Amino acid sequence: MTVHPSLQTYADAWTHSIEAISELVMPLVEGEWNRATPCPNWSVRDIVSHIIGMECEQLGDPRPIHTLPRDIFHVQTELARYMEMQVDVRRHHTAPEMTSELEYTIIRRARQLRNENRDPDTKVRAPLGAEQTLELALRMRAFDVWVHEQDLRWALNKSGNLDSPGAYVTRDVLLQALPKIVAKDAGAPPSSAVVFDVHGPVEFLRTVRVDADGHGTVDGAPSLGPLVTLVMDWETFVRLACGRVRPHAVADRVKAEGDQALADAILREFAVTP
């Protein structure tokens with residue numbers, strides 16, 4: 001148990017997902033590491049490389065000195081360039097090299113989390129040289145590894161853990177993004193409401209309310225007259241929100257009721273991860 005119980009939820013979720021990832025990739029033969037995943041432009045190897053790199057940064061390890069090739073055309077932003085560095089430096093690592101580095105990194109991080117006694121508000125390293133609180137860092141690592149666990153499961157055709165501890169951390173992270181998506185990005189009109197009705201392994205009903213000034217909030221109370229109601233299963237919600245699929249690809253799994261133009265705009269802006 002960490003000193004601060006607020007961190008334990010994230011540590012437990014991270015542990016569950018990272019151990020699942022280890023179990024998924026340990027038996028893979030060399031060719032399977034090159035399989036494409038739903039994470040745009042990344043293979044199984046690339047995702048595991050990213051996870052190793054991000055956890056090493058949380059451990060305080062220096063970033064690799066590495067020059068990205070000029071032909072990685074999907075790298076268009078500074079954040080993408082930052083993330084790609086840890087991936088590209090491992091692109092030619094063998095399967096045994098990948099699994100051994102992953103296992104060593106998990107051991108080191110698990111020890112760090114077991115001994116964690118800092119305050120949740122302690123500032124720690126964040127991407128691009130920024131800082132974030134320890135609590136936010138652990139929350140985002142739990143979110144990141146669960147989403148990537150699902151990427152790997154999809155690529156390897158081994159579904160599972162859609163309702164694991166990391167799924168609930170992911171739900172909360174994605175729900176926080178809904179007010180901006182609805183009110184600002186999709187342009188829902190003032191004094192309107194949009195309902196999200198999600199079923200499956202993780203179920204919830206949430207209403208995004210846009211006030212008279214155009215600001216959005218989200219709550220669990222139903223709306224009597226929503227402008228739009230979006231009904232979908234949990235896996236589809238995650239894949240849309242994490243940019244793994246475009247709306248047209250899962251049109252048969254999303255039911256949109258009400259203002260169709262606004263529904264289309266919301267789904268168009270739904271991806272919250274870069």
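Select W146 and W234: both are buried (buried means under 20% relative accessible area, exposed over 50%, partly exposed in between, with a 1.4 Å probe and protein chains only). Before you go on, note that this is a predicted model, where local features need pLDDT of at least 70, side-chain atom pairs count only at pLDDT 80 or more, and totals for chains, interfaces and linings use all residues. Residues are numbered from 1 along each chain as its sequence is written, and side-chain values use heavy atoms, with hydrogens and water left out.

**Stop 1: the aromatic rings**

A pair of aromatic rings is described by the distance of the centres and the angle of the planes. Rings of Phe, Tyr and Trp (its six-membered ring) pair if their centres lie within 6.5 Å; planes under 30 degrees apart count as stacked, over 60 as edge-to-face and the rest as tilted. The structure holds six such aromatic pairs. In what way are the rings of W146 and W234 arranged? Their centres are 5.9 Å apart and their planes stand at 35 degrees, so the pair is tilted. W146 belongs to helix 5 (residues 134-156) and W234 to helix 7 (residues 234-241), so look for distant parts of the chain, 88 residues apart. Helices (H or I, at least four residues) and strands (E, at least two) are DSSP runs, numbered from the N terminus.

Together with W146, F204 and W234 they form one aromatic cluster.

**Stop 2: the nonpolar core**

In soluble globular proteins, nonpolar side chains tend to be buried together. A nonpolar core here is a set of buried Ala, Val, Leu, Ile, Met, Phe, Trp, Tyr and Cys residues joined through side-chain atoms within 4.5 Å. The largest one has 78 residues. Which of them touch the most other members? Select V25, F196, L230, W234, F237, I266 and F270. Helix 5 gives the largest share of this core, 11 residues.

Click on F196. Leaving aside neighbours within four places in sequence, its contacts (heavy atoms within 4.5 Å) include L178, V182, L230 and I266.

**Stop 3: arginines**

Go to R141 in helix 5. Is R141 buried or exposed? R141 counts as buried, at 8% relative accessibility. Beyond its neighbours within four places in sequence, R141 is in contact with W14, I51, M54, E55, Q58 and R109.

Pick R109 from that list. R109 lies over the face of W14, at 5.6 Å from the ring centre. A charge sits over a ring if NZ of Lys or CZ of Arg is within 6 Å of the ring centre and within 35 degrees of the ring normal. Then select R63 and Y82. The charged end of R63 sits over the ring of Y82, 3.7 Å from its centre.

**Stop 4: strand 2**

Select E131, in strand 2 (residues 131-133). E131 is exposed, with a relative accessible area of 58%. Its contacts, apart from neighbours within four places in sequence, are K123, V124 and A126.

Move to Q132, also in strand 2. Q132 is buried, with a relative accessible area of 14%. A polar atom of its side chain lies 3.4 Å from the backbone oxygen of R125.

**Stop 5: two positive phi values**

Most residues other than glycine have a negative phi, and most peptide bonds are trans. Select L128, in the loop between strand 1 (123-125) and strand 2. L128 is not a glycine, yet its phi is positive, about 65 degrees. Next, find N161 in the loop between helix 5 and helix 6 (165-185). Phi of N161 is near 60 degrees, again a positive value in a residue other than glycine. N161 counts as partly exposed, at 24% relative accessibility.

**Last stop: the cysteines**

Select C39 and C242. The sulfur of C39 has its closest cysteine sulfur in C242, 9.4 Å away, too far for a bond. C39 is buried, with a relative accessible area of 7%.

Terms used:
Disulfide = S-S within 2.5 Å. Polar contact = N/O pair within 3.5 Å; in protein donor to acceptor, adjacent residues only side chain to side chain.
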